[in-house]
Structures are given as structure tokens and as C-alpha cells.
Amino acid sequence: MAADSKVINGLYRRPAGSYYIRKTLMGRRMTISLSGISTEEAARQCLVGLELASLQGREGEWMDTMKKKRAPSTEIAAQKWIDHSRDVKKNSPSVIRAKLRTASSISPFVSNVLGSITLGQLEKWVEERNSKAGETTVFDDVKRIKHFFTHCVKRGWIARSPAENLASPRPSRKTQDRAHLASKSVLNSMTFSPKTEGVIAALWGSGLRISELGRVKEQDVHEEHLWVRCDSDDRTKSAKGRRVPIDRATRARLLFVSRFGFDAGEVRREMREECQRAGVQPTITPHVLRHTRASLWSDEGHSIAKIQAWLW
């Protein structure tokens with residue numbers, strides 16, 4: 001096991017890359033960890049600051065200042081980032097769960113000293129994720145990790161994000177791959193209960209999330225558009241409601257669903273079982289109908305900006 005190396009009198013560097021000061025203060029020998037200090041220059045400045053404080057008899061004040069500036073470990077920093085996302089940014093529970101999964105997946109690959117994490121460690125993590133997860137999952141993971149290190153920089157825990165130049169596979173535009181979308185003729189060939197058939201038609205014509213469809217009221221359904229209510233638990237890009245264009249057939253289906261209601265679990269189960277019976281692969285889900293509606297709007301000539309606004 002490698003020994004600690006001496007930088008200058010009183011300043012030492014551990015093999016893992018962290019620094020500490022060993023000095024006699026207030027009559028006793030003390031070891032002061034410089035947790036979060038990742039460069040020799042910054043560590044030297046800390047030692048100079050301590051020596052000046054000693055000459056002025058202000059060692060205690062210097063120690064208090066260092067405690068405030070000291071960066072937390074990577075594990076603690078990740079937890080603080082998640083707490084900030086939950087309590088300050090008010091992220092939904094699903095987003096918090098996704099951030100927790102990402103933080104857990106990266107922990108075996110990076111140093112627990114926040115300032116010692118390198119781009120190479122992160123690239124090994126991406127390589128491992130590529131071998132186990134799809135490109136869209138890895139892309140989202142890398143995006144979250146970049147947000148995490150940006151948060152650390154803003155808090156002053158590190159000077160620069162090690163993930164700044166981290167590359168990830170760009171997810172293919174699956175909405176351009178017509179093989180994964182739902183075909184109207186395929187849906188018509190299946191046999192669903194009247195309630196599930198109404199839900200499928202409403203989703204097909206509006207592009208709603210199934211959770212949003214469950215909140216549709218009769219007063220939300222107008223002649224040419226649908227007013228979509230917003231809920232804090234939805235993974236929506238905006239905290240505001242939105243208007244979605246609909247045709248007469250979709251309007252009738254929406255009114256039917258709003259009056260009689262439905263169970264989302266039963267709808268998903270019936271769709272899955274019917275796809276298995278008919279030999280349809282991949283399975284058509286409510287979210288596939290949302291992708292399909294986005295592609296149909298694009299085929300109709302609507303701009304990407306409009307489609308994004310309708311799908312918020």
C-alpha cells in the first residue's frame with residue numbers, strides 16, 4: 001500500500017489524491033483534512049492561511065472557516081443534490097427516483113473524494129452502462145450526472161465539473177422508426193372491451209399520458225381543443241396546463257371516458273394480453289399511442305415546437 005507523500009513541511013498528499021495538514025496547534029499535534037481540495041496549489045494556499053491565522057492567534061476561526069468551505073464526500077454531495085431537487089426544485093417523485101438510480105450506478109466507479117473524480121472514471125462508468133442499458137437510458141444518466149456536477153460547482157465544492165467533456169450515445173429518434181409505433185389497422189384487428197377501446201381511441205387522438213386522461217372532466221373538452229389539467233406528480237416539462245387540438249371523434253371518446261372513468265392498470269393489462277394473443281410485437285402500450293400521435297402530427301405538417309407544446 002502506497003504511503004502518504006510530503007508536499008512541503010506540514011502538507012501531505014494521500015495516494016487517493018486528497019491532502020491534509022499536520023501541524024501543532026494550541027499545544028497539541030493535529031491532522032487537518034483538506035477534504036475536497038483537489039489541487040496542490042489550493043492545498044498550499046490552505047497551509048499559508050493556517051500559518052497566518054496561527055501568527056494572529058486565530059486558529060479556531062480558521063478551522064471554522066475551513067469547515068464551511070470543506071467539500072462533502074461524493075456520497076454526501078449526491079444526497080445533498082437529491083435533497084435540493086426534492087425540497088427546492090420540487091422535482092416529482094419519479095424524477096427523484098431516477099436521480100437516485102443514477103447516483104447509485106456511478107458510486108462504484110468514482111472516488112469518494114469529490115474533488116478527485118476524473119473524466120476517465122466517468123468514461124469507465126459510461127462504458128459499463130452501455131453494456132447493460134439502452135442508449136436512451138445511458139443518455140439520460142449522463143445528463144443527470146452533468147447536472148449533479150454543475151450543482152457541485154455552484155455550491156463551491158469543486159472548481160470545475162469533471163463531466164464537462166463526458167460523451168454519451170445519442171438516443172435515436174424512435175418516433176422516426178415506424179416499426180415501434182401503433183398501426184390503426186393493427187388496433188382495429190384486436191378485440192377490446194368497450195371501456196378500454198374508448199381509452200385507446202382517446203389516447204390515440206389526443207397524445208395524453210394515461211394519468212392525464214384520468215383527470216379529464218367534461219368541462220375540459222371543447223369543440224376543437226382539450227384543456228389538459230396539470231398535476232405535480234406528472235413528469236411534465238411545465239407546471240402549467242395546456243391546450244391540445246382534437247377532432248370530433250376524439251372529442252366523443254374523451255367525453256365517454258370522462259363520464260364512465262377507467263382503471264389504468266386494467267387498461268394496460270388488457271392491451272398487453274391482447275397483443276400477446278394477436279402476436280403483436282413489440283407490445284402496444286399507452287405511451288406508444290402518445291408517440292404515435294406525435295408522429296401523426298408531424299406528418300400533418302405541424303412544427304416541432306407546436307408538437308412539443310401539445311405534449312407537455
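Predicted model: local features only at pLDDT ≥ 70, side-chain atom pairs only at ≥ 80, totals over all residues.
Residues are numbered from 1 along each chain as its sequence is written, and side-chain values use heavy atoms, with hydrogens and water left out.

The chain has 13 helices and six strands (DSSP runs numbered from the N terminus: H or I of at least four residues for helices, E of at least two for strands). Of its 312 residues, 39% count as buried (under 20% relative accessible area; exposed is over 50%, partly exposed in between, with a 1.4 Å probe and protein chains only). Among contacts (heavy atoms within 4.5 Å) with a separation of 6 or more, 56% are between residues 24 or more positions apart. The chain exposes about 18,200 Å², and carbon and sulfur atoms supply 49% of that (Shrake-Rupley areas with a 1.4 Å probe; for residues, only the protein chains shown count as cover).

**Close-up 1: the salt bridge between Arg269 and Glu273.** Here Arg269 pairs with Glu273, their closest N and O atoms being 3.3 Å apart (a salt bridge is a side-chain nitrogen of Lys or Arg within 4 Å of a carboxyl oxygen of Asp or Glu). Arg269 is partly exposed at 36% relative accessible area, and Glu273 is partly exposed too, at 40%. By this rule the count comes to 15 salt bridges.

Close-up 2: Arg129, Asp141 and Arg144 are linked in a network of salt bridges. The side chains of Asp141 and Arg144 meet at 3.1 Å, N to O. Both sit in helix H6 (residues 135-154), and because they are three residues apart there, about one helical turn separates them. Asp141 is buried, with a relative accessible area of 4%, whereas Arg144 counts as partly exposed at 21%.

**Close-up 3: Arg58 meets Glu61.** In this salt bridge the closest N and O atoms are 2.7 Å apart. Arg58 counts as partly exposed at 38% relative accessibility. Glu61 is partly exposed as well, with 44%.

**Close-up 4: the largest nonpolar core.** In soluble globular proteins, nonpolar side chains tend to be buried together. This core has 34 residues, and Leu208, Leu213, Leu226, Leu254, Ile284 and Leu289 touch the most other members (a nonpolar core is a set of buried Ala, Val, Leu, Ile, Met, Phe, Trp, Tyr and Cys residues joined through side-chain atoms within 4.5 Å). Elements that each supply at least two residues include helix H8 (194-206), helix H10 (248-260), helix H12 (286-299) and strand E5. H8 gives the most, with five residues. A separate core of 23 residues lies apart from this one, with Ala77, Phe149, Cys152 and Trp157 among its members.

Leaving out residues up to four places away in sequence, Leu208 touches partners including Leu213, Val216, Leu226, Val228, Arg242 and Arg290.

**Close-up 5: the two faces of strand E5.** Leu226 and Val228 make up the covered face of E5 (residues 225-228), with His225 and Trp227 on the uncovered one. E5 runs antiparallel to strand E6 (residues 242-245), and four bridges join them (two strands pair if DSSP finds at least two bridges between them). Trp227 stands opposite Arg243 in E6.

**Close-up 6: Ala309 and Val244.** Ala309 lies in helix H13 (residues 304-311). Ala309 and Val244 are 65 residues apart in sequence, with 8.5 Å between their C-alpha atoms. Ala309 is partly exposed, at 33% relative accessible area.

Close-up 7: Val48, Leu52 and Leu55 make a nonpolar surface patch of about 320 Å² (patches take residues with over 30% relative accessible area and no salt bridge, joining like charges within 9 Å and nonpolar side chains, namely Val, Leu, Ile, Met, Phe, Trp and Tyr, within 5 Å). Val48 is found in helix H1 (residues 40-55) and counts as partly exposed at 46%.

**Close-up 8: the backbone at Lys90.** Most residues other than glycine have a negative phi, and most peptide bonds are trans. Lys90 is not a glycine, yet has a positive phi of about 60°. Lys90 is found in the loop between helix H3 (74-87) and helix H4 (93-106), and is exposed, with a relative accessible area of 60%.
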